[in-house]
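These are my notebook entries on one protein structure. I record what I looked up, in the order in which I looked.

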Amino acid sequence: MQSSPSVVGDPSPPARAPRRHRADLVVGLLAVALALWVTSGLWRDPNSRAVSVNASDQALFEWLLAFGGHALTHGQDPLFTHLINVPDGVNLAVNTSITVYAAVFAPLTYLVGPPATFLVILTLNLAATALAWYWLLSRHLVGSRLAAGVGALFIAYSPGMVSHANAHLNWTAGWLVPLLVWGVFALRRPGRWLRGGVVLGLLVAVAFSIAAEGLFFTALALALFLAVWSLHPARRAQARAALPDLLRGLGVTALVAGVLLAYPLWLHFAGPQRFHGTGFDPVIHSEDLAAFGAFPRRSLAGALGWGTGLAPNPTEENSFFGVPLLLLAVGCFVWLWRRAAPARRATLAALGVTALVFAALSLGPRAKWDGHRTGQLLPFGLLDNLPVVNAALPSRLALVVAPVIGLLLAYTVDSLRTDPPRVRAAWTAAFAAALLPLLPTPLLTSAREPIPAFITAGTWQRYVPPGGVLTPLPLTLDVTPDGQRWQAYALSHGQGEFRIPAGFFLGPGGPAGRGKIGPVPRTFDTLMDQAGRTGLVPIITEGSIRLCRADLRYWGVAAVVLADRVHGAKYDLDEDALRRTATAILGPPKRVDDVWLWTVPGD
């Protein structure tokens, strides 16, 4: 039986058909089982559970799903909205808009609500990442289904992926990467550049609409890999012959993607409420060199107390491979290199350079070791001010290393098929020692405050005109996401629209023209934030009352609402201090359903 050519030109003989089908089924079941295992805490009750370490991002993605479906069914712009951050609105093209997910899953969002849809997508992302990598490996790169399964399952449930499963629907969409890799290498096939370019252009448009930062990293990694691979003496002739079709195909890709993304790109780079860079410090959000040899918290090793706090937060454990796996990866590389023909060495060299470069860039502008900054200037410091690069978090560049390790693992298992049993047994022990500590454990979840009956029963409609402004206390931000959760419920349950001041989004207002989370604070929201966090009523003067009422007029607020239980995504909030502060500014509230309500008369 003739094997199909691999993506990187290293064909491997396929296994027998019955064994292939059984292996495919086993890998598929493992992929789904692991996805359900990692997300099991949320499946207990999607509407009342939240990811403990990242409830704010979960609320944001639930809102994006609800808003996207609402925009689709009501003929609204899915990439710019005035429903939050009134009166300025929010440019969602420079945020993570997951437009494709919002559109595709809109029927499910209307049927079961945003929290359940969020959970379905998160679980599917993890399983689909494993299956997509398994498809690429088993159909194009290795002949052993076992090798493909080991590589694919490692990549899909690597520490970085499990870490980002803490509510990041964009970064867990790792299934896009193997499809993009396949699409690029498919362009080199003679006479297939036109169709391949169209397909790749569609993939690029989808990837941009789900995970633009991930698409950028994938493009950089592929460019570096191809450059090293093509310059190798064993591949130069092949690369030279394929270059014309590759360039034609990329031209078609750029045309197709450019047409589909013309409006999002315009909004991103020239639209209202845009900004340059992000509000995140690249020094803080960079990888600690020691983190590469550390174990992640959501793993078997972490459960045994071997985890560390070297990541900037629990959602950014982007390396954390552990020393055993690093040693295994080096051993795999050396083993494969010694046995490889010159053509395979070109692939190994390209993989090695790609991993080392991205690992180095992930360290950010200044080196850190075990939590301590050394002050050493690193390569990323020379790139940080470049357009697009300044919008990326350097620590996430380490995510590129996991697929490289997964490929080395798969190639090694594939190469051992003809070795003596004792050799295979030794390698099996090494794989077990390196991979067992990294087995994922379920995400930490906790109960979240229910949406008040004032919202779920539609009572708010009696106090807020259609398209009017309602604000919860405190105002909606990343650390206090109630407003967007309430709005998501109203939008997905056909109650109509109410708008809110502030919100969890990235917008202008940061230093040096960079972005920041939420709007520039005003007097009213500053006082409410202070009261909620400290439990103390701020000093309220006639001047501060006038400023607060001016803020409410600026936003056009019709109703101010305080729930009995306010959700603080990072810390507990004092509802009594909030009520007393609002009363000092607005007068006594009314009790309506299960909330305290202040109505704000119009001008």
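**Entry 1: the sheet.** In what order do the four strands of the open sheet lie? I found the order E7-E10-E12-E11, with mixed pairing. I noted that this is a predicted model, in which local features need pLDDT of at least 70 and side-chain atom pairs count only at pLDDT 80 or more, while totals for chains, interfaces and linings use all residues. Residues are numbered from 1 along each chain as its sequence is written, and side-chain values use heavy atoms, with hydrogens and water left out. My labels follow DSSP runs, numbered from the N terminus: helices (H or I) have at least four residues and strands (E) at least two. Two strands pair if DSSP finds at least two bridges between them.

The edges of this sheet are strand E7 (469–472) and strand E11 (590–592), each of which pairs on one side only. From one strand to the next, the twist averages 35 degrees.

I then went through the pairs. E7 runs parallel to strand E10 (residues 557–563), with four bridges, and Val-469 stands opposite Val-557 in E10. E10 and strand E12 (residues 595–599) are antiparallel over five bridges; here Ala-563 has Val-595 in E12 as its bridge partner. E11 and E12 are also paired in the antiparallel sense, over three bridges, and Lys-590 stands opposite Leu-597 in E12. E11 and E12 form a hairpin with two residues between them. In its turn, Asp-593 has a positive phi of about 50 degrees.

**Entry 2: two packed helices.** Two packed helices are described by the angle between their axes and the distance between the axes. I looked up helix H21 (residues 523–534) and helix H23 (residues 575–586), which pack at an angle of about 145 degrees with axes 8 Å apart. The axes are lines fitted to C-alpha atoms, for helices over the stretch in contact, and angles run from 0 to 180 degrees between N-to-C directions. Contact means heavy atoms within 4.5 Å. On the H21 side the contact involves Phe-524, Leu-527, Met-528, Ala-531 and Gly-532; on the H23 side it involves Ala-577, Leu-578, Thr-581, Ala-582 and Ile-585.

**Entry 3: the cores.** Which residues have the most contacts inside the largest nonpolar core? They are Tyr-101, Phe-154, Tyr-157, Phe-454 and Phe-498, in a core of 129 residues. A nonpolar core is a set of buried Ala, Val, Leu, Ile, Met, Phe, Trp, Tyr and Cys residues joined through side-chain atoms within 4.5 Å. Buried means under 20% relative accessible area, exposed over 50%, and partly exposed in between (1.4 Å probe, protein chains only). Leaving aside residues up to four places away in sequence, I listed the residues that Phe-498 touches, among them Leu-83, Ile-455, Trp-460 and Trp-486. A second, separate core has 24 residues, including Leu-475, Leu-573, Leu-578 and Val-600.

**Entry 4: salt bridges.** How many salt bridges does a search of the whole structure find? The search finds 15, each a side-chain nitrogen of Lys or Arg within 4 Å of a carboxyl oxygen of Asp or Glu.

I first took Arg-139 and Asp-24, whose closest N and O atoms are 3.0 Å apart. This pair links distant parts of the chain, 115 residues apart: Arg-139 is in helix H6 (residues 114–141) and Asp-24 in helix H1 (residues 17–38). Asp-24, Arg-139 and Arg-145 are linked in a network of salt bridges.

Next I took Arg-248 and Asp-245, with 2.9 Å from N to O. They are three residues apart in helix H11 (residues 236–260), so about one helical turn separates them. Arg-248 is partly exposed at 42% relative accessibility, whereas Asp-245 is buried at 13%.

In a further salt bridge, Glu-316 meets Arg-396 at 2.6 Å, N to O. Both Glu-316 and Arg-396 are buried.

**Entry 5: the backbone.** I looked up two cis peptide bonds. The bond from Val-86 to Pro-87 has omega near 0 degrees, and the bond from Leu-473 to Pro-474 has omega near -10 degrees. Pro-474 lies in the loop between E7 and helix H20 (482–492).

Is Ile-98 buried or exposed? Ile-98 counts as buried, because its relative accessibility is 0%. Its phi is near 35 degrees, a positive value in a residue other than glycine.
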